[in-house]
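Please look over the structure below before reading on. The notes that follow begin with charges and rings and then turn to the protein as a whole.

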Amino acid sequence: MWKVIYKMFIVLSLWFLLANDITNAERILVITPAPFYSHHVVFRALCLALNKRGHELTVITPQPIKDSTLKNYTEIGLDLHEINKYYYLVSQLPMIEFLKFFWKLSHQVSIKIFEDLKFKELYRHDSNEKFDAVILESLGCMSLSTMAYRFNAPLIGIISVNIHNYHRYIFGSSIYPSHPSNWEFNILPEENPSIWQRLWNFIDTWCLIHYWINNYITVEQEIVKKYLGNDIPYIVDIMKNMSVMLVNENPILAYPRPEQPNAIFFNGIHIQKTPPSLPKDLGQFLDDAMEGFIYVSFGTITTCHDLPKETLKNIVEVFSKLPYKIVWKFDCELPEKLDNAFISEWFLQQGVLGKIKTHPNIKLFIYQGGAQSTEEAVHYAVPILGIPTMSEQENRVRRLVSLGAAIYIKFNELTKERLDSAIYQILNDKSYKEKMMYLSSLFKNQPYNSTENLIWWVEFVMRHKGVNHLRFSDSDKPWYQRYDIDIIALLATALFIIECVIALTIIQIIRFTLNNIV
């Protein structure tokens with residue numbers, strides 16, 4: 001009798017474990033240094049999903065959740081307020097100068113993290129801390145990749161925007177300087193660039209990679225030596241051994257191109273299944289918008305103080321004449337009152353965009369081209385007018401324009417006439433809405449749940465203590481061998497010598513012939 005009960009208990013226990021999908025709990029160190037709120041919306045979604053899965057997380061972040069109800073979830077908050085205020089200022093520089101300044105700012109962030117007392121307790125050589133994986137935001141602060149070496153744990157990269165060329169370089173992936181997907185230029189490539197444009201694109205691309213390797217990484221390596229000693233391996237070598245890179249980008253919304261095999265793409269993990277409820281006053285304002293409303297937000301980095309007075313005046317004047325209500329995320333007083341506008345420092349953006357499900361009167365989303373906002377607009381099938389303000393945003397908006405779902409205005413070309421014309425063009429031409437609905441159907445039609453796929457890859461890496469079989473072996477070769485530049489140089493030299501020999505032979509024959517004739 002007791003044997004039967006015991007067997008039933010074992011069977012029920014196993015069934016309970018399988019039914020609830022309980023896995024072995026692992027310890028994961030997550031470091032996400034970028035101070036941008038929009039980036040952390042993505043990281044937070046992954047961290048919470050891993051925690052719900054049963055894993056214990058220690059998260060280093062400037063955007064802590066501060067939820068005391070979370071178990072096995074430790075946060076080390078970073079105060080990067082003083083550094084964060086510089087990002088928009090440098091965003092107004094030409095792209096290459098912006099990236100260089102961004103990397104210089106990331107040195108300060110790296111030092112600040114290494115100096116944090118709680119983090120020091122974590123990484124000091126006698127701390128006895130152990131982790132089964134290190135997930136690092138791979139946008140800047142590459143010195144922190146050394147935590148994978150410190151804890152003898154596989155390194156997993158994560159990035160909430162497009163892959164950079166320096167990622168592709170260290171992973172051994174192909175570099176395409178003049179492809180439309182390449183956004184690290186002062187002037188973005190055209191569809192069919194001339195040979196001279198391609199030449200400058202080539203020079204700019206490789207000069208930037210050279211700067212990253214020989215200037216940026218050199219300083220990061222010195223930071224590592226200061227805090228971890230001289231025995232730490234070269235940062236680039238650690239990154240080359242990264243198991244996988246998790247990239248927040250939907251291939252549908254990007255320019256197609258080949259990528260490294262360990263790049264795992266995901267998208268939309270921060271989008272809520274049910275849009276959040278809106279405050280009563282805003283909900284009533286939108287319900288009363290019988291003609292429809294336009295939602296306006298320039299993201300979390302660009303503030304009202306960053307808008308030139310003339311630009312702001314132009315925007316207000318155009319909005320005041322529209323027969324639609326305006327919902328505008330704005331944190332300053334306007335130069336003049338807008339009777340048709342609901343203005344607030346913060347909105348539950350998915351609630352506003354998701355209003356289309358219950359009351360399809362949202363007509364247009366005017367935004368800066370942010371990655372997460374783009375995903376939300378496509379998910380809810382809202383046509384967009386993009387006015388990029390920094391970084392890769394222009395490239396993202398241009399891609400949507402090429403797909404027929406958006407119009408794009410350069411920030412420094414924002415006039416009343418241009419803004420008014422673009423708004424009415426989208427509102428009066430049904431093709432923008434139809435294209436966005438088509439993109440939305442593609443966006444949602446996926447073979448698997450993106451969050452579950454991410455969790456599977458993280459657990460796969462931990463289960464096998466790293467997955468170096470996905471690593472491209474040629475990433476260890478010198479750049480000139482990797483791209484067969486030495487072969488091209490050899491063939492070009494041989495061809496030049498052969499041509500010279502042929503030319504000299506022809507000259508000698510001509511001379512010999514002329515001498516004999518004379």
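In this predicted model, Arg27 is placed over the face of Phe131, with 4.6 Å to the ring centre.

**Aromatic pairs and cluster**

- Across the whole structure, a search finds 23 aromatic pairs, and one of them is the edge-to-face pair of Phe319 and Trp328, with 5.3 Å from centre to centre and 85° between the planes.
- Both partners of that pair, Phe319 and Trp328, are buried.
- Trp457 and Phe460 also form an edge-to-face pair, at 5.6 Å centre to centre and with 80° between the planes.
- These two residues, Trp457 and Phe460, belong to helix H18, which covers residues 450-463, and they are three residues apart, or about one turn of the helix; Trp457 and Phe460 are both buried.
- One aromatic cluster is formed by Phe285, Tyr295, Phe342, Phe347, Phe365 and Tyr367.

**Overall build**

- The secondary structure of the protein consists of 20 helices and 13 strands, and its C-alpha atoms fill a box of roughly 110 × 75 × 45 Å along the principal axes.
- Of the 518 residues in the protein, 52% are buried.
- Among contacts with a separation of 6 or more, 68% are between residues 24 or more positions apart.

**Surface and charge**

- The protein exposes about 26,200 Å², of which carbon and sulfur atoms supply 57%.
- There are 50 positive and 53 negative side chains in the protein, and the centres of these two sets lie 4 Å apart.

Notes. Residues are numbered from 1 along each chain as its sequence is written. This is a predicted model: local features need pLDDT of at least 70, side-chain atom pairs count only at pLDDT 80 or more; totals for chains, interfaces and linings use all residues. Side-chain values use heavy atoms; hydrogens and water are left out. Rings of Phe, Tyr and Trp (its six-membered ring) pair if their centres lie within 6.5 Å; planes under 30 degrees apart count as stacked, over 60 as edge-to-face and the rest as tilted. Buried means under 20% relative accessible area, exposed over 50%, partly exposed in between (1.4 Å probe, protein chains only). Helices (H or I, at least four residues) and strands (E, at least two) are DSSP runs, numbered from the N terminus. A charge sits over a ring if NZ of Lys or CZ of Arg is within 6 Å of the ring centre and within 35 degrees of the ring normal. Contact means heavy atoms within 4.5 Å. Accessible areas come from the Shrake-Rupley method with a 1.4 Å probe; for residues, only the protein chains shown count as cover. Lys and Arg count as positive and Asp and Glu as negative; His and the chain ends are not counted. The place of a charge is taken as NZ of Lys, CZ of Arg, CG of Asp or CD of Glu.
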